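Please read the points below alongside the sequence and the model. They cover the sheet, the helices on it, the cores and a few individual residues.

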Amino acid sequence: MLAERYGLKETHHVYLEESVAMFLETVAQDKTKRDIAARYQRSVDTVQRKLDDVLSALLKFAEDTLRPQEDCIGALDGTHVPVRPPSQNAEAYKGRKQDPTMNVLAICNFDMKFIYAYLGVPGRAHDTKVLTHCARNEASFPHPPPGKYYLVDSGYPTRTGYLGPHRSMRYHLGQFARGGPPVSARELFNRKHSGLRSVIERTFVVWKAKWRILDRKHPKYGLVKWIKLVTATMALHNFIRDSHREDHDFVQWQSDDDGEAEEEEADSDGDEEDDDDHGGSGGHTVYEPTGDRSMECLSKNSTDEYGRGRLPY
C-alpha cells in the first residue's frame, strides 16, 4: 500500500518489506538506529535513510486515515506523551510531575479508530484551550454536523456538538463497579455516557501499549521529528484496525465494563489532571459561544428518558 499509493520506493539493496520492518521495529520496540543497523546488517546511514522514507510515506497515509470516513461522531479527549522540549521553551512543556510532555488532542469513532489528532502543544496547556484553538483555527478540524455531537468528559464545557456528563456525582465506570448501580436518573445517564465515552480511553490504552516508543520518558528525537513519529503511530493504529485481523490489544480492550481503561490511561498519563480540572474554570474558555441551551435540553431529555422505567437499575 505504501508503495502503490504513497510513493515508497525500493532500491537495489533494500527491499520494501525490509524498510517497513526496520521502521516498525523502531517504533514498536523502541530500537535505536544502531540496534536496527546491527540486526539487518546495514550501515547506520542506510537505516536512517530508509526510516525517513517510510516515515514520509506514512505521513501521507496519515492524511487519509486520520479523518472521518463517515459522520463525525465519537468521543474527544486529550492525553499526554513524553517529549524532548525545545530548550528555549522547555518550562511550558513541564506538567505537574515536572516531566516534559506534549498534549495530544484526539477524536476517535466507536470502532476505536482515530479520526482527528492535533499534536505538539506544550504539556502545561489545558485541554479545553487546545480544543478551543483547533475548533476555531484548524481548517481540518471535523466539526460535528447538525444533530450530531462528540462525547466529552466533565473537563470540557457542554456546547453545541459536545455533550458532557452531569457534574458533581458519580461518573466513571469504576465508581459504579465499586459503589453499586445508579440510584438516580442523572447517575444512570452518567453511567451510559461513561460507557460510551470510554472508547477514547480504550483507544489511548491500545495505542500506547502497541508502540513502545511512546513510553520512553526522554525521547531521543527533536520536537518536529517526534510529532511526525507519533502521528505515524496513530496512522499505523488505524491501519491495524482496518485490517480486520484479530489483534491481541484491540481484543483485550474491546469493552471496559469495570473502568480499567480509565485507570490504565490515568496511570500512564501522570501529567493528566483530574477531569474537573482540564480547563481550570472550564466554562470561561468558549469555543462555541452560542447554542448551549440546546445541548442542555438534549442532556435533560436523554436523562429523563433513561430514568423512565429503568430505576432501580
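1. Two strands count as paired if DSSP finds at least two bridges between them. Helices (H or I, at least four residues) and strands (E, at least two) are DSSP runs, numbered from the N terminus. On that basis, five strands form an open sheet of mixed pairing, in the order 3-2-1-4-5. Strand 3 (114–122) and strand 5 (162–163) are the edge strands, each pairing on one side only.

2. This is a predicted model, in which local features need pLDDT of at least 70 and side-chain atom pairs count only at pLDDT 80 or more, while totals for chains, interfaces and linings use all residues. Residues are numbered from 1 along each chain as its sequence is written, and side-chain values use heavy atoms, with hydrogens and water left out.

3. The secondary structure of the chain comes to 11 helices and five strands. Of its 313 residues, 49% are buried (buried is under 20% relative accessible area, exposed over 50%, partly exposed in between; 1.4 Å probe, protein chains only). The accessible surface is about 15600 Å², with 47% of it belonging to carbon and sulfur atoms; areas come from the Shrake-Rupley method with a 1.4 Å probe, and for residues only the protein chains shown count as cover.

4. Contact means heavy atoms within 4.5 Å. Among contacts in the chain with a separation of 6 or more, 70% join residues 24 or more positions apart.

5. Strand 2 (residues 101–108) pairs with strand 3 in the antiparallel sense, over six bridges. In this pairing Leu105 stands opposite Tyr118 of strand 3. Helix 7 (residues 185–210) packs on the sheet and touches strand 1 (74–82), strand 2, strand 3, strand 4 (150–151) and strand 5; its direction makes about 40 degrees with that of strand 1. Helix 8 also packs on the sheet, touching strand 1, strand 2 and strand 3, and its direction makes about 160 degrees with that of strand 3. Axes here are lines fitted to C-alpha atoms, for helices over the stretch in contact, and angles run from 0 to 180 degrees between N-to-C directions.

6. Helix 8 (residues 223–242) has 20 residues and reaches 29 Å from first to last C-alpha, close to the expected 28 Å (1.5 Å times one less than the number of residues). Just after helix 8, His244 takes a positive phi of about 60 degrees.

7. Which residues have the most contacts inside the largest nonpolar core? They are Phe23, Met102, Trp207 and Trp226, in a core of 54 residues. A nonpolar core is a set of buried Ala, Val, Leu, Ile, Met, Phe, Trp, Tyr and Cys residues joined through side-chain atoms within 4.5 Å. A second, separate core has 16 residues, including Val130 and Leu131.

8. Met112 has a positive phi of about 65 degrees although it is not a glycine. Met112 sits in the loop between strand 2 and strand 3 and is buried, with a relative accessible area of 1%. Ser168, also not a glycine, has a positive phi near 60 degrees. Ser168 is in the loop between strand 5 and helix 6 (173–179) and is exposed, at 79% relative accessible area.

9. Trp253 lies in the loop between helix 9 (248–252) and helix 10 (260–268). Trp253 is buried, with a relative accessible area of 8%. Its C-alpha is separated by 5.9 Å from that of Arg202, 51 residues apart along the chain.
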